[in-house]
Amino acid sequence: MEFKFLFALLGLILYYTNNVTCQYRTKSSQSASLAERVQQLTDLAMKRSVIKFNGARFKQFLKTTPRNYSVVVMFTAMAPQRQCQLCSMANDEFTIVANSFRYSQSFSNKLFFASVDFDEGSDVFQLMRLNTAPVYMHFPAKGKSKPGDTMDIQRVGFGAEAIAKWISERTDIQIRVFRPPNYSGTLVVTILSIFIGGFLYLRRNNLDFIYNKTLWGLCAMFFTLTMISGQMWNHIRSPPFVHRSPNGNVVYIHGSSQGQFILETYIVLMLYAAVVFGMILMTEAAARKGDVKKRRIFAVIGVGLVTVFFSFLLSIFRNKTQGYPYSLLFR
């Protein structure tokens, strides 16, 4: 009886010891696998700030657990036959953010940047149920992805600053965006200065046009229209020219008051210019003396221009500012 009890006790001890050993080996194996994956990602990130993922790499680094790192992935379609007009611009902005993080003091192995091209990872697009590009997604270190882990490009755009802000909200990692120097503006200003200086030199004996009020009025009006249409915002934020919706339609007007497209600012500028032209016609009709019929025509045309194009401006503002109750001719 005592032998049976001893054998049973010995069996329990061996079973427990074997179970603990297996668990320890499993944990050690997982730790080693995690360390290897982190090292591989770090090596790839040192060579290229945006790591290229295909189906195998996507499963290896993002579907294998555990993870102690976050990955921001851009799903894109860069091949010309895909006709993704925004993918190239989105890729440039994404690369700016990745390079800014790569060469910043906050760089660590807790965050990596990657991209999946449709032609190199169509299985990944099917796995993630994506039928459009570009798309930015955040894969957190722990837990499953949440709705906020997919960046809302239609609302905030895909500028580098917007991407960095979104990453900060998801990972608490602050990225200061450093754009590569662009000397095109300096070159344009230099050429324009040389042109103006040369023109003034050639007309140095006849500079009466400098005192022309109409010339200065047109310059002031052009500067005002440029500023109120949002050109300075474009220079700061670098928004896309237009946007292509998921169903393939081209969108000219941004759906939010927090963003705009470059073509949208040109449209707004022309609408403002039409309103200003209408106001000038009405002013001239009231100020001029002489032919009453001609003055009446100017006044009618001016009222028509102001009414129609101000209605267009009010309609755009109404669509961008949800809940705004007022409209004129167009909704």
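A contact here means heavy atoms within 4.5 Å. Take the contacts in the protein chain between residues at least 6 apart in sequence: 62% of them join residues at least 24 apart. Keep in mind that this is a predicted model.

Now the overall layout. The protein chain has 331 residues, and buried residues make up 32% of them. It holds 11 helices and 6 strands. The chain exposes about 21,800 Å², with carbon and sulfur atoms supplying 62% of that area.

On to the aromatics. How many aromatic pairs does a search of the whole structure find? It finds 11. I'll show two. Phe-58 and Phe-139 pair edge-to-face, with 5.6 Å from centre to centre and 85 degrees between the planes. Where do these two sit? Phe-58 is in helix H2, residues 55-63, and Phe-139 is in strand E4, residues 135-139, so the pair ties together parts 81 residues apart in sequence. Phe-58 has 1% relative accessibility, so it counts as buried. Phe-139 is buried too, because its relative accessible area is 6% and the cut-off for buried is under 20%.

The second pair is Phe-118 with Phe-125. Again the geometry is edge-to-face: 5.2 Å between centres, 80 degrees between planes. Is Phe-118 buried or partly exposed? Partly exposed, because its relative accessible area is 28%.

Ring pairs link Phe-58, Phe-75, Phe-118, Phe-125 and Phe-139 into a cluster.

Staying with rings, look at Arg-102. Which rings does Arg-102 lie over? One is Tyr-103, where Arg-102 lies over the face at 4.9 Å from the ring centre. Another is Phe-107, with Arg-102 over its face at 5.3 Å from the ring centre.

Next, the salt bridges. The count comes to 2. Asp-149 forms one with Arg-170, and their closest N and O atoms are 3.0 Å apart. This pair links distant parts of the chain. Asp-149 is in the loop between E4 and helix H5 (153-156), while Arg-170 is in helix H6, residues 160-171, and the two are 21 residues apart. How covered is each partner? Asp-149 has 3% relative accessibility, so it counts as buried. Arg-170 is at 31%, so it counts as partly exposed.

Lys-320 and Glu-264 also meet through their side chains in a salt bridge, at 3.1 Å from N to O. Here the partners are 56 residues apart: Lys-320 is in helix H11, and Glu-264 is in helix H10, residues 262-287. Why does Lys-320 count as buried? Because its relative accessibility is 13%, and buried means under 20%. Glu-264 counts as buried as well, because its relative accessibility is 3%.

Last, the surface. Which residues make the nonpolar patch of about 510 Å²? Val-308, Phe-310, Phe-312, Leu-328, Leu-329 and Phe-330 do. Pick out Leu-329. That residue is in the segment after helix H11, which spans 292-320. Its relative accessibility is 51%, so Leu-329 counts as exposed. The cut-off for exposed is over 50%.

To recap. Five Phe residues, Phe-58, Phe-75, Phe-118, Phe-125 and Phe-139, are joined by ring pairs into a cluster. There are 2 salt bridges. And Leu-329 is one of the residues that make the nonpolar surface patch.

Notes: Residues are numbered from 1 along each chain as its sequence is written. This is a predicted model: local features need pLDDT of at least 70, side-chain atom pairs count only at pLDDT 80 or more; totals for chains, interfaces and linings use all residues. Side-chain values use heavy atoms; hydrogens and water are left out. Patches are made of residues with over 30% relative accessible area and no salt bridge: like charges are joined within 9 Å, nonpolar side chains (Val, Leu, Ile, Met, Phe, Trp, Tyr) within 5 Å. Accessible areas come from the Shrake-Rupley method with a 1.4 Å probe; for residues, only the protein chains shown count as cover. A salt bridge is a side-chain nitrogen of Lys or Arg within 4 Å of a carboxyl oxygen of Asp or Glu. Helices (H or I, at least four residues) and strands (E, at least two) are DSSP runs, numbered from the N terminus. Buried means under 20% relative accessible area, exposed over 50%, partly exposed in between (1.4 Å probe, protein chains only). Rings of Phe, Tyr and Trp (its six-membered ring) pair if their centres lie within 6.5 Å; planes under 30 degrees apart count as stacked, over 60 as edge-to-face and the rest as tilted. A charge sits over a ring if NZ of Lys or CZ of Arg is within 6 Å of the ring centre and within 35 degrees of the ring normal.
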